[in-house]
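Open the model in your viewer and keep the selection panel handy. We will go step by step, from whole chains down to a pair of helices.

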Protein chains: 4
Amino acid sequence: MDFTSENTAPVHPAIVDAVVKANTGFALNFEQEDWTRAMTATLRRVFGHDELAAFPVVTGTAANAVALGAMARPYEAILCHWDAHIETDEGGAPEMYTAGARQIGISGGHGKVDPAALARFLRNSRFGNVHAVQPAVLSLTNLTEAGTAYSSGEVAELCALAHEYGLKVHMDGARFANALAARQEDAGRMSWRAGVDVLSLGTTKSGTFGAEVIVSFDPALAREIAFMRKRGGHFVPKSRFVSAQIGAYFQDDLWLANARHANHCARLLAQGLSTVRGIELVHPVDGNEVFAAMPDVVVEGLMKQGYRFHKNWRSDPVQHRFVLSWASDPEEVSRLVQDCARLAG
Amino acid sequence: MDFTSENTAPVHPAIVDAVVKANTGFALNFEQEDWTRAMTATLRRVFGHDELAAFPVVTGTAANAVALGAMARPYEAILCHWDAHIETDEGGAPEMYTAGARQIGISGGHGKVDPAALARFLRNSRFGNVHAVQPAVLSLTNLTEAGTAYSSGEVAELCALAHEYGLKVHMDGARFANALAARQEDAGRMSWRAGVDVLSLGTTKSGTFGAEVIVSFDPALAREIAFMRKRGGHFVPKSRFVSAQIGAYFQDDLWLANARHANHCARLLAQGLSTVRGIELVHPVDGNEVFAAMPDVVVEGLMKQGYRFHKNWRSDPVQHRFVLSWASDPEEVSRLVQDCARLAG
Amino acid sequence: MDFTSENTAPVHPAIVDAVVKANTGFALNFEQEDWTRAMTATLRRVFGHDELAAFPVVTGTAANAVALGAMARPYEAILCHWDAHIETDEGGAPEMYTAGARQIGISGGHGKVDPAALARFLRNSRFGNVHAVQPAVLSLTNLTEAGTAYSSGEVAELCALAHEYGLKVHMDGARFANALAARQEDAGRMSWRAGVDVLSLGTTKSGTFGAEVIVSFDPALAREIAFMRKRGGHFVPKSRFVSAQIGAYFQDDLWLANARHANHCARLLAQGLSTVRGIELVHPVDGNEVFAAMPDVVVEGLMKQGYRFHKNWRSDPVQHRFVLSWASDPEEVSRLVQDCARLAG
Amino acid sequence: MDFTSENTAPVHPAIVDAVVKANTGFALNFEQEDWTRAMTATLRRVFGHDELAAFPVVTGTAANAVALGAMARPYEAILCHWDAHIETDEGGAPEMYTAGARQIGISGGHGKVDPAALARFLRNSRFGNVHAVQPAVLSLTNLTEAGTAYSSGEVAELCALAHEYGLKVHMDGARFANALAARQEDAGRMSWRAGVDVLSLGTTKSGTFGAEVIVSFDPALAREIAFMRKRGGHFVPKSRFVSAQIGAYFQDDLWLANARHANHCARLLAQGLSTVRGIELVHPVDGNEVFAAMPDVVVEGLMKQGYRFHKNWRSDPVQHRFVLSWASDPEEVSRLVQDCARLAG
């Protein structure tokens with residue numbers, strides 16, 4: 001009955017097994033062991049890119065902030081959707097890692113950066129003028145914070161625009177698997193082939209204890225990321241236990257299976273809620289998140305019954321967020337829909 | 001045969017069990033669950049301090065840097081032994097979290113800050129003069145980086161001196177358990193009762209996957225730490241799995257048992273090596289680290305046999321470091337001594 | 001024929017005289033001389049505040065950024081009008097001095113923060129939530145960047161709102177004299193009596209070589225400002241020559257006389273332009289700036305004749321800025337109006 | 001009778017004239033005027049370098065910190081003599097502009113970096129190791145803080161060593177003219193021809209109101225410097241008045257004449273003091289500074305007579321600093337020597 005966040009779900013048994021199995025005797029620390037080597041090899045295969053560099057960290061905030069810290073100078077700016085996680089929920093971490101680069105919100109419907117808005121902004125930017133912060137990075141989130149998924153074509157269009165003005169592109173992929181599942185798309189095509197330079201790839205929300213990986217497709221940025229990661233305190237000594245999680249996450253396409261299940265449950269919930277009187281979906285449901293406008297009587301009723309979800313998303317009095325995960329139970333989803341229907345009267 | 005670092009050792013089975021057991025169904029994220037509450041209660045009991053605040057993170061660098069970031073303003077300075085970990089091995093993390101506060105090395109034998117050197121430095125500091133960075137924090141390491149242990153009396157003397165000049169005191173306790181075991185001392189007396197304001201308490205080196213906890217005895221600093229931790233990307237979403245490790249670490253005094261074992265093994269090694277011709281111990285062995293000056297023939301022989309240890313500590317051509325842990329095998333220690341003796345000829 | 005900025009105007013003769021006269025023999029450096037002491041005494045009299053502390057610097061960007069650096073912690077936020085100079089034209093300086101605090105733009109007509117918009121923002125702010133940057137400072141600009149002047153009552157209303165939520169208030173007073181002249185208001189009532197904690201008071205735009213002064217009405221912030229100013233490289237060694245400028249600026253109310261003249265010239269221009277066909281004033285003209293939407297034919301004609309002004313203000317294709325100063329010649333203003341009328345046909 | 005610092009001396013009349021003459025009518029701001037263009041042309045001629053870029057600022061701290069901010073990444077280190085001004089007297093400004101790069105003191109006699117000590121440090125540096133801050137800049141001070149002058153050969157030797165390890169070289173030339181005069185050396189040979197990449201060239205100590213210029217011989221660093229300067233609040237709007245000072249400073253070799261006079265007075269003082277019983281010179285007197293160990297009775301006697309000088313240099317109870325400048329009067333120097341002799345008894 002918990003729909004608050006993927007992070008309230010348990011860890012997937014396959015991940016638990018992998019960590020327990022990695023605990024065999026002594027192993028070198030600081031990524032000089034086999035688990036990390038294997039993880040990098042796996043990622044190169046998954047993304048079809050022989051030279052990518054992979055840097056595990058244990059929070060999504062770190063994955064984003066370390067990447068951005070390597071990509072932007074202090075007097076530069078990071079363009080992102082105004083609703084992006086780096087803008088709303090990371091306590092200023094990107095500003096810390098960039099030593100003060102500015103985040104500038106670009107508009108667009110349902111969490112996606114609007115190419116026309118981005119083009120307009122870039123056209124009017126005062127490049128080369130020292131009085132103005134200099135746009136240097138475009139950060140896209142896929143799944144977006146509104147639960148929608150960019151197609152690889154949409155990503156490519158935005159990347160081309162960014163590159164035209166000399167910006168690099170970062171992708172916050174905390175729910176990258178859900179985006180791939182939503183779009184039935186390939187990892188490489190959704191990232192570097194579309195023009196993404198650095199991807200912050202999450203696994204925590206899809207079943208690990210806590211493991212995110214900064215994937216750099218740009219060899220020149222790898223050195224920066226390595227030093228910035230250590231400097232931020234994110235270079236984990238007993239690295240095998242983090243890399244082992246990431247390895248297991250990709251093993252036998254567990255990541256995609258988990259994402260498909262979560263997306264499926266979300267679709268169930270969305271279809272159910274859309275039939276309830278007085279409830280309206282706020283955004284298209286591409287992935288594993290459902291944003292719904294609900295009557296107070298329903299919200300209060302659900303809470304009384306012990307349902308957990310994110311009330312008043314973005315301080316909105318009528319909007320609430322439900323997140324589904326690999327551990328969601330379709331029957332519980334059905335019960336939630338029925339309870340909503342009953343409460344709505 | 002691995003004596004490189006405690007971080008190459010496996011995780012203690014009790015910790016593994018605790019993490020696996022914590023994986024039961026859904027639980028709130030971001031420390032709003034029972035494991036974290038229990039952890040704080042445990043720490044309050046262990047330290048005999050009802051108002052301490054505890055902030056888990058997953059690396060020692062983060063535990064130090066976040067604490068210091070809360071304690072020093074950018075134009076201030078942190079005094080520490082010139083050989084402290086924050087000075088030598090954290091890639092500038094304290095500078096990042098303090099936005100540029102300076103670390104100033106104080107001298108002293110065997111890794112301990114010399115009270116006379118500290119007093120002299122403070123007496124000559126230009127307090128209130130804007131041209132000079134302002135000493136604001138004394139950071140002590142216990143165990144020191146030389147493997148020696150301050151007594152609580154030594155800590156108290158240094159704290160009193162620091163407080164006299166208005167400085168706050170931080171303790172890097174990556175090996176705090178080993179220091180307590182070495183000095184047969186109580187946690188409270190070694191920290192806040194001696195004058196320590198914030199303790200970065202390690203558990204990773206003594207048997208967990210990766211869990212350190214910033215213990216603030218100063219309520220005014222707690223808010224700073226909370227915000228700085230998030231801002232650094234160190235607020236772990238699935239917090240139960242970190243707090244569960246810390247809980248198990250203190251359960252039935254596992255921490256002290258582990259530390260005593262590691263210290264015991266180090267003593268065995270030290271006693272053995274001190275009888276070998278041509279080998280000299282560089283520092284007194286209070287805890288679980290042995291620093292030895294060794295003939296090249298011994299070093300090369302050990303490496304050929306597959307022994308792992310930290311060669312050329314601090315770029316010193318003749319000094320090498322051996323670290324013992326909860327997982328060290330006394331028989332392997334004996335074999336190491338015998339091999340040294342044989343190689344020394 | 002130069003209406004680009006007050007900074008293209010010459011320095012007022014009384015200021016030149018004061019600087020030349022200060023060059024008499026040796027004098028202590030770093031503000032331990034009489035000119036700085038006199039300057040502080042003058043400011044205390046002008047503002048009717050016996051304990052204000054005054055910190056001269058030589059650019060407006062420094063006056064704002066140093067002040068904000070003392071007022072906000074890195075994880076906090078500064079609220080300002082979206083069109084404020086600190087947001088648009090200081091190359092990220094506030095982010096540098098605050099080590100990454102975020103600036104958040106609040107809306108409002110004609111450059112003024114709308115109290116309702118501010119109240120709404122504060123009401124929805126997640127105070128105490130580590131995931132969100134914490135609003136800590138309200139920065140008001142008077143004259144605003146749109147050339148309008150807050151009344152002291154409007155300032156007081158906004159300050160009260162800010163203080164209610166625990167924020168401190170900064171005022172960017174690069175054109176403070178023009179605002180006082182516009183509102184026929186007293187310096188104290190427009191600043192600390194209305195609730196302003198720190199004022200960045202400009203003199204450069206009103207006739208000095210380059211002298212701004214950070215006026216702190218909050219004794220607790222003075223220490224921070226002193227250290228941050230030095231750390232930013234803004235503590236001028238030969239301080240007498242900066243303080244002498246500020247002293248002369250206030251002598252015999254030169255500042256208000258200069259501001260009244262500039263405002264008067266702007267009013268002349270505004271009245272003239274408002275009679276020209278096809279030209280529209282974009283904002284009310286309270287002070288010394290005129291923002292006008294003009295037909296291209298007029299703009300091109302003026303440029304051909306050698307007029308200088310700020311074309312395409314804020315990248316707007318039709319909006320242009322004309323700034324008047326102490327050195328503006330009313331006859332030139334008349335000629336400009338006539339030329340516009342002629343060109344407009 | 002003031003020997004505290006060059007900054008207590010008056011401004012040279014030729015500089016005053018130049019500033020007053022620059023105040024003729026309107027002129028573009030932000031270095032888009034003729035004075036700045038002329039200044040750059042002059043510097044290119046003086047240094048014999050057609051592509052140098054010049055960035056005026058108004059304090060020496062800014063000249064150093066902005067340059068270093070452009071040269072070092074946050075995880076890097078700046079090597080300098082332990083007694084360098086950036087280390088001892090700039091309130092942490094280099095740490096601010098570099099966002100936390102560390103300054104590491106290298107030893108050497110009389111204020112000069114010892115090439116052997118530098119070589120040893122570089123040899124032992126852990127380049128490429130993320131746990132260690134990475135040496136990236138060597139900063140030399142000429143005149144040194146001990147008043148000695150490097151020869152261009154000594155500079156070239158240190159630069160070659162630095163470049164061999166991939167470091168860039170910065171020179172703090174707050175007293176660059178005094179160093180050239182001391183060594184009868186050419187500006188180009190003492191800087192870029194010897195391997196210096198960026199020079200912070202002072203004029204304030206030699207007769208201007210407040211004007212320093214960052215001279216970049218490395219085109220790639222110019223962009224960084226330009227943005228960092230603005231971001232630090234050091235891009236002066238009424239730029240003509242700063243550039244005019246620098247122009248006049250080089251006119252007819254005024255800078256070298258001033259430096260020669262100051263050096264000459266220092267030599268007079270040094271020769272005089274060296275004959276006084278109980279007084280010892282601490283360092284060779286190459287330039288315009290005299291460091292003397294003096295009996296207390298002499299120090300107290302001088303102060304009673306109203307002499308001003310820097311007592312207890314570097315907190316040393318017996319060492320005191322006397323600085324000579326363009327405005328020093330040789331007769332006053334003689335009187336000072338006589339008074340010392342008389343007081344020494």
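The tour below starts with the conventions and then moves from one selection to the next.

This is a predicted model, in which local features need pLDDT of at least 70 and side-chain atom pairs count only at pLDDT 80 or more, while totals for chains, interfaces and linings use all residues. Residues are numbered from 1 along each chain as its sequence is written, chains are lettered from A and ligands numbered from 1 in the order in which they are written, and side-chain values use heavy atoms, leaving out hydrogens and water.

**Stop 1: chains D and B**

Select chains D and B together.

Now show the interface. Here 19 residues of chain D are in contact with 19 of chain B (contact means heavy atoms within 4.5 Å). The same surface serves both copies, as 100% of the contact residues of chain D recur in chain B. About 1,500 Å² is buried between the chains, with carbon and sulfur atoms giving 32% of that; buried area is the accessible area (1.4 Å probe) that the two parts lose on being put together, summed over both. Highlight Gly91(D), Glu95(D) and Arg102(D): they supply 34% of the area that chain D buries against chain B, more than any other three residues.

**Stop 2: chains B and A**

Next, select chains B and A. Chain B can be laid on chain A by a turn of 180 degrees and a shift of 0.0 Å along the axis, with an RMSD of 0.0 Å. In chain B, the C-alpha of Gly232(B) is nearest this axis, 3.3 Å away.

**Stop 3: two helices in chain D**

Finally, select residues 254-273 (H12) and 330-344 (H14) of chain D, whose axes come within 9 Å and cross at roughly 20 degrees. Helices are DSSP runs (H or I, at least four residues), numbered from the N terminus, and axes are lines fitted to C-alpha atoms over the stretch in contact, with angles from 0 to 180 degrees between N-to-C directions. That makes H12(D) roughly parallel to H14(D) (angles under 35 degrees).

Show side chains where the helices meet: H12(D) residues including Cys265(D) and Leu269(D) face H14(D) residues including Val333(D) and Val337(D).

Notes
Parallel < 35°, antiparallel > 145°, perpendicular 65-115°, else oblique. Least-squares fit on C-alpha atoms with pLDDT ≥ 70 in both.
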